[in-house]
Amino acid sequence: GFSKTSNASWKKMEQLRKRSQLLHEEVTQGLTRLTSSCADKSRSVDKLVKEHQNKQRNDEDVLRTLSQQEIQYKQRANEIRNEESQEVELLKSKMEQLDLLKEQASSVTPELKVLREKYESEKENLQQFKAVLQEKEKANAYRVAELTKGVQYYKERLGLDFQRVGDNRLRVVFTQIDPDQPNKEFWFSVHVNENDVYQIEDCVPAVGGVSKMLDELNTNNNFSSFVQAMRRKFKERL
């Protein structure tokens, strides 16, 4: 009876051992799977942590960049406001200057009108003066021309020659006065001034009574008679 009991106990113990070994194997396999799963999950978690850290770093970089840009934008905005403020002040200054110029222009306008009227009046007077001067110049030119017309006549009859000396000046030269020296020259220079008055500038040799003769010439304008009178004056010196 003991032997049967022992065998039964042994079998039961063997069964328990096998079951224990099987359970141990299952537990070992479970632990292995659990360890592997934990390792995988740990790696996944580490990966997620790294990704999160990288993302966080990227986000921080982006945030820093955005912060710097925000600072730059604010600075630029301040600069623009300052520039606008300066432009506004400059515009105000220009407007004030414009108003001042308008005010000055309004006060100058009457004076300018007077100056323009005076200018037009002076311009008209100048034109009139030029016209008178031109007429006088024509008259003087005519007189000189008339004085030189009879050159040949006087030269042949009286031994007389007319020489142009400068502008509106005439030298009257006599020969055939001194019988001992028929070619000796006696002469005087006559000039018509801006007042249409005859003047004697040179007389060789000098003779008396010229002033009275000039007064008569300027009164009657008879130059031919004056020349004949001067010839007589030269002959009287012999």
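The stops below start with the overall view and end at a group of aromatic rings.

**Whole chain.** This is a predicted model. Zoom out first. The C-alpha atoms fill a box of roughly 220 × 50 × 25 Å along the principal axes. The radius of gyration is 68 Å, whereas a compact globule of 238 residues would have one near 18 Å. Buried residues make up 16% of the chain.

**Secondary structure.** Colour by element. From the N terminus, the order is α-α-β-β-β-β-α-α.

**Charges.** Show the charged side chains. There are 41 positive and 39 negative ones, and the centres of the two sets lie 13 Å apart.

**Aromatic pairs.** The whole structure holds six aromatic pairs. Select Phe174 and Phe188, a tilted pair at 6.2 Å centre to centre with 35° between the planes. Phe174 lies in strand E2 (residues 169-174) and Phe188 in strand E3 (residues 186-192), so the pair ties together parts 14 residues apart in sequence. Both Phe174 and Phe188 are buried.

Next, select Tyr198 and Phe223. They are stacked, at 6.0 Å centre to centre and 20° between the planes. Tyr198 sits in strand E4 (residues 198-204) and Phe223 in helix H4 (residues 223-236), 25 residues apart. Tyr198 counts as buried because its relative accessibility is 5%. Phe223 is buried too, with a relative accessible area of 8%.

**Last stop.** Which residues form one aromatic cluster? Select Phe174, Phe186, Phe188, Tyr198, Phe223, Phe226 and Phe234 together to see it.

Definitions and conventions: Residues are numbered from 1 along each chain as its sequence is written. This is a predicted model: local features need pLDDT of at least 70, side-chain atom pairs count only at pLDDT 80 or more; totals for chains, interfaces and linings use all residues. Side-chain values use heavy atoms; hydrogens and water are left out. Helices (H or I, at least four residues) and strands (E, at least two) are DSSP runs, numbered from the N terminus. The radius of gyration is taken over C-alpha atoms; the globule rule is 2.2 Å times the number of residues to the power 0.38. Buried means under 20% relative accessible area, exposed over 50%, partly exposed in between (1.4 Å probe, protein chains only). Lys and Arg count as positive and Asp and Glu as negative; His and the chain ends are not counted. The place of a charge is taken as NZ of Lys, CZ of Arg, CG of Asp or CD of Glu. Rings of Phe, Tyr and Trp (its six-membered ring) pair if their centres lie within 6.5 Å; planes under 30 degrees apart count as stacked, over 60 as edge-to-face and the rest as tilted.
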